[in-house]
Amino acid sequence: MASLTVNNQPLEFRLEPDTPLLWALRDAANLTGTKYGCGTGECGACMVIVDGQAMPSCTLLLGEAEGRSVTTIEGLSPDRSHPVQQALVAEQAIQCGFCTPGIVMTAAALLAHNTDPTEADIKSALTNICRCGVYPRLVRAVQRAGQAMRGAERLMPVPAPAVATTPGI
Ligand code: FES
Ligand code: FES
């Protein structure tokens with residue numbers, strides 16, 4: 001059993017404390033936007049924000065997340081209005097999309113601390129693996145998201161999901 005806050009909601013997971021947070025989120029909380037890639041903390045597909053820091057949820061155990069605040073892609077912006085999401089679309093930095101939630105969470109955590117990162121800052125923070133190879137467009141997208149957060153650019157809204165989300169999640 002572990003109690004934590006997920007997307008601003010208190011949740012109690014009736015799972016073993018050595019359950020990876022990734023599986024607690026996906027299988028118990030039905031938050032399937034967080035993806036499984038490697039399971040070893042290297043690919044970044046499973047990134048979530050824990051107490052303000054981007055972390056791979058595949059290597060963070062439920063017991064280690066006890067009492068902490070976790071944000072998943074569903075909680076970051078249910079209507080896809082986060083500047084990182086808008087900038088990724090504007091720069092066409094999404095292909096198959098499997099890596100995208102992890103990239104969004106990593107970039108959102110970076111920009112929450114620094115809205116004007118250098119190319120080196122971005123490359124250092126975004127070590128996420130993208131098998132489609134969107135890397136050349138990623139730096140520009142993150143820079144544009146930062147510009148939007150600083151009020152220096154207005155990005156086009158992207159369509160909201162055409163489904164209702166579970167109330168409270
Ligand atoms: S699935 Fe967690 S880092 Fe790859
Ligand atoms: S867009 Fe396909 S893996 Fe990144």
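Student: What makes up the count of helices and strands in the chain?

Tutor: The chain has 7 helices and 5 strands, where helices are DSSP runs of H or I with at least four residues and strands are runs of E with at least two, numbered from the N terminus. In sequence order the pattern is β-β-α-β-β-α-β-α-α-α-α-α. This is a predicted model, in which local features need pLDDT of at least 70 and side-chain atom pairs count only at pLDDT 80 or more, while totals for chains, interfaces and linings use all residues. Residues are numbered from 1 along each chain as its sequence is written, and chains are lettered from A and ligands numbered from 1 in the order in which they are written.

Student: Why does the radius of gyration agree with a compact globule?

Tutor: The rule, taken over C-alpha atoms, is 2.2 Å times the number of residues to the power 0.38. For 169 residues a compact globule would be near 15 Å, and the chain has 15 Å, so the two agree. The C-alpha trace spans about 45 × 30 × 30 Å along its principal axes.

Student: What share of the residues counts as buried?

Tutor: Of the 169 residues, 44% count as buried. Buried requires 20 or more other C-beta atoms within 10 Å of the residue's own; 12 or fewer is exposed, and in between is partly exposed, with C-beta atoms placed from the backbone.

Student: What makes the largest nonpolar core a core, and where does it lie?

Tutor: A nonpolar core is a set of buried Ala, Val, Leu, Ile, Met, Phe, Trp, Tyr and Cys residues joined through C-beta atoms within 7 Å. The largest has 50 residues, and those with the most contacts inside it are V84, V104, M105, A107 and A108. Helix α5 (residues 100-113) supplies the largest share, 8 residues. Domain 1 (2-76) and domain 2 (83-149) both give residues to this core, so it lies between them. These bounds come from an automatic or database domain assignment.

Student: Which residues does M105 contact, beyond its neighbours within four places in sequence?

Tutor: M105 is in contact with M47, V48, I49, A54, I73 and L76; contact means that C-beta atoms, placed from the backbone, lie within 7 Å.

Student: How far apart are the C-alpha centres of domain 1 and domain 2?

Tutor: The centres lie 21 Å apart. The contact takes 16 residues from domain 1 and 13 residues from domain 2. On the side of domain 1 that touches domain 2, β3 (47-50), β4 (53-56) and α3 (73-76) each give two or more residues, and β3 gives the most, with 3 residues.

Notes
Contact = placed C-beta atoms within 7 Å.
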